[in-house]
Amino acid sequence: MNDKDIRCRRFFVSGRVQGVFFRGGTQTEARRLGITGWAKNLPDGRVEVLACGNEKALAALAEWLYHGPPHAQVTDVTANDVDCDPPSGFATR
């Protein structure tokens with residue numbers, strides 16, 4: 001993959017997304033797709049995800065975020081492209 005093919009996108013996921021293995025599930029899915037970045041819980045109950053990879057992988061992750069792991073109840077996902085240096089690996093924070 002060429003560096004110019006890599007994009008970074010920030011997602012905010014709302015609903016019942018904390019305490020249901022959402023960050024861990026996101027990490028597993030991101031690693032499977034070859035995406036780097038991180039996922040963290042926010043004080044307002046949402047999960048924030050920074051994902052960097054090619055467009056096809058980001059689209060696949062976005063689709064997964066709309067459902068999440070089995071016990072999640074996602075009500076909304078917003079996304080915007082961001083300009084940043086892609087991190088190495090995928091972490092939960």
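With 93 residues, a compact globule would have a radius of gyration near 12 Å, and the protein chain agrees, at 12 Å. This radius is taken over C-alpha atoms, and the globule rule is 2.2 Å times the number of residues to the power 0.38. The model is predicted: local features need pLDDT of at least 70, side-chain atom pairs count only at pLDDT 80 or more, and totals for chains, interfaces and linings use all residues. Residues are numbered from 1 along each chain as its sequence is written, and side-chain values use heavy atoms, leaving out hydrogens and water.

The C-alpha trace spans about 35 × 20 × 20 Å along its principal axes. Buried residues make up 41% of the 93 residues. Here buried means under 20% relative accessible area, exposed over 50%, and partly exposed in between (1.4 Å probe, protein chains only). The accessible surface of the chain comes to about 5,300 Å², and 47% of it belongs to carbon and sulfur atoms. Such areas come from the Shrake-Rupley method with a 1.4 Å probe; for residues, only the protein chains shown count as cover. Contacts are heavy atoms within 4.5 Å. Among contacts between residues at least 6 apart in sequence, 78% join residues at least 24 apart.

The chain holds two helices and five strands. These are DSSP runs, numbered from the N terminus (helices: H or I, at least four residues; strands: E, at least two). Along the sequence the pattern is β-α-β-β-α-β-β. The five strands form an open sheet in the order S4-S1-S3-S2-S5, with mixed pairing. Strands S4 (73-82) and S5 (90-92) are the edges, each pairing on one side only. From one strand to the next, the twist averages 15°. Two strands pair if DSSP finds at least two bridges between them. S1 and S3 (residues 47-53) are joined in the antiparallel sense over seven bridges. Phe12 has Glu48 in S3 as its bridge partner.

Both helices pack on this sheet. Helix H1 (residues 22-33) touches S1, S2 (36-41), S3, S4 and S5, and its direction makes about 175° with that of S5. Helix H2 (residues 55-65) touches S1, S3 and S4, and its direction makes about 5° with that of S1. Axes are lines fitted to C-alpha atoms, for helices over the stretch in contact; angles run from 0 to 180 degrees between N-to-C directions.

Seven salt bridges occur in the whole structure. The criterion is a side-chain nitrogen of Lys or Arg within 4 Å of a carboxyl oxygen of Asp or Glu. Arg9 and Glu55 meet in one of them (2.9 Å, N to O). Arg9 lies in strand S1 and Glu55 in helix H2, so the pair ties together parts 46 residues apart in sequence. Arg9 is buried at 12% relative accessibility, and Glu55 is partly exposed at 36%. Glu29 is buried at 13%, whereas Arg32 is exposed at 58%. In the Lys40–Glu48 salt bridge, the closest N and O atoms are 4.0 Å apart. Salt bridges that share partners join Arg7, Arg9, Glu55 and Asp81 into one network.

Asp5 sits in the segment before strand S1 (7-16). This residue is partly exposed, at 38% relative accessibility. Asp5 touches Gly53, Asn54 and Glu55, not counting residues up to four places away in sequence.
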